[in-house]
Amino acid sequence: MSSTDDIRARAQTALARCGVDIAAFKGDALIARTPVTGGHLLGLRADGVTDVDRAVEAAHAAFHDWRTTPAPVRGALVKRFGELLTEHKEHLADLVTVEAGKIRSEALGEVQEMIDICDFAVGLSRQLYGRTMPSERPGHRLMENWHPLGVVGVISAFNFPVAVWAWNTAVALVCGDTVVWKPSELTLLTALACTALLDRAIAETGAPAHLNQVVLGAADTGERLVDSPLVPLVSATGSTRMGRAVGPRVAARFGRSILELGGNNAAVVTPSADLGPTVNAAVFAAAGTAGQRCTTLRRLIVHADVADTVVERLITAYGRLPIGDPFQDATLVGPLVNEASYTRMRQALDRATEEGGTLCTGGERQLVQAAPDAYYVRPAIVRMPAQTAVVREETFAPILYVLTYRDLDEAIRLHNDVPQGLSSGIFTSDQSEAERFLASDGADCGIVNVNIGTSGAEIGGAFGGEKETGGGRESGSDAWRAYMRRATNTVNYSGRVALAQGVNFAD
């Protein structure tokens, strides 16, 4: 097991390689810690509300220059940023593991998502398409254009400390926007490293300074960003509870929001499913990142005819999962982020048994002598007699509830009978079952998969969900439109005024 001193040295090396002057951020208001050992790494300053205001004002001033910069030139900045991310992929992955506790392969994969969204955004910089529509008036042209929106406020969560910011920032920059980023208090060092690399790309490409600003702090820092009238769009990732606070505050000032909130994701296993790949996919989706993904598989809805077999295979697979130091290549499950996460997991398991569930495996904390303040747990599987209250809630921990069904309509009802609607899947060899699940009266989520788990979304598709997940979309497809404003234009080249709908004001 890595010691806290070893991890601190590793973090400091990564920060230095990324160009962070950590002395400029030292203080005692915030503590950077690592869930790998539970130890404290560095003390950092916190930004107050006046600091947030200054950051927003600087980004707003930069926007006035950036919005008139040709989009392909804006793309050149993002291209350079992607190159720097590639160069420093290992360093950023180190920081992701240090602060979020992700295993090495997942940390590297998250940084790769940053690189991929930069590639996507560079291409997008030449494809911010509008439309030309037929006008009902002769000698007129009707069209729409998309224009930069302004300052985008990004509030990110600990579990994807760099990728989600990059999804927003790469797209926002090519759209002509500027960004103010409020990272999670649990992943401050990764934010400083990303900001340093983007600042370097800005300087090297001659782009305006202050295109991206980072503010460090707790809830009051985020609230100031959410309430700023100079921030027309707030993109916030976190719990549904957080979204209930952010959404109305932004709406009250007629701002826009992209909310990526809770996900109580489920997969249906039909009798025709190939159980080998099904179990493998379920284990990764349920136990990966120690269950701390918004797309984690939390409910497995299995046909009664194969339920016992599926559960037995899952228990066997869970028993073989290497749990421990995420820096070790053999590890597949790292730590929970903190004690509060472990407490919520234990409370959920207690409620599940009270509501009639049977704990099949897991749930216990694994004490590590070298890391007494860390929270390593064995992922849990609980068979439930029905979709009870605790099953309908999202617990951000590795708990997989197993439910059974008899016909596909019942499975879809169970699947949809939760407040959240992010990601879903069905495992089947029957085409009609797959099509039924994908249909408009099938799964009600923003992401619906066939023969693949609920996690692992690609950046080419729009990412987001429905219901209490918030309804926002980030990353690929046409998600870029949320970062721009639309203008409908009519050009009259007829030489006379022709009013719409045949209205005539002439004598």
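The model is predicted, with local features requiring pLDDT of at least 70 and side-chain atom pairs pLDDT 80 or more, whereas totals for chains, interfaces and linings use all residues. Residues are numbered from 1 along each chain as its sequence is written, and side-chain values use heavy atoms, leaving out hydrogens and water.

Ten of the twelve residues of α4 are buried, so the helix is largely enclosed by the rest of the structure, where buried means under 20% relative accessible area with a 1.4 Å probe and protein chains only. The buried residues, among them H91, D94 and E99, pack against α1, β1, β2, α3, α5 and α7, with contact meaning heavy atoms within 4.5 Å and strands being DSSP runs of E with at least two residues. Just after α4, G101 takes a positive phi of about 80°.

Helix α13 (residues 408–416) has L408, A411, I412, L414 and H415 as its buried residues. Seen down the axis of α13, these residues fall within an arc of 160°, so they line one face of the helix; the arc is that of the directions from the helix axis to the C-beta atoms. The buried residues of α13 pack against β10, β11, β16, β18 and α14.

Note on methods:
Buried means under 20% relative accessible area, exposed over 50%, partly exposed in between (1.4 Å probe, protein chains only). Helices (H or I, at least four residues) and strands (E, at least two) are DSSP runs, numbered from the N terminus.
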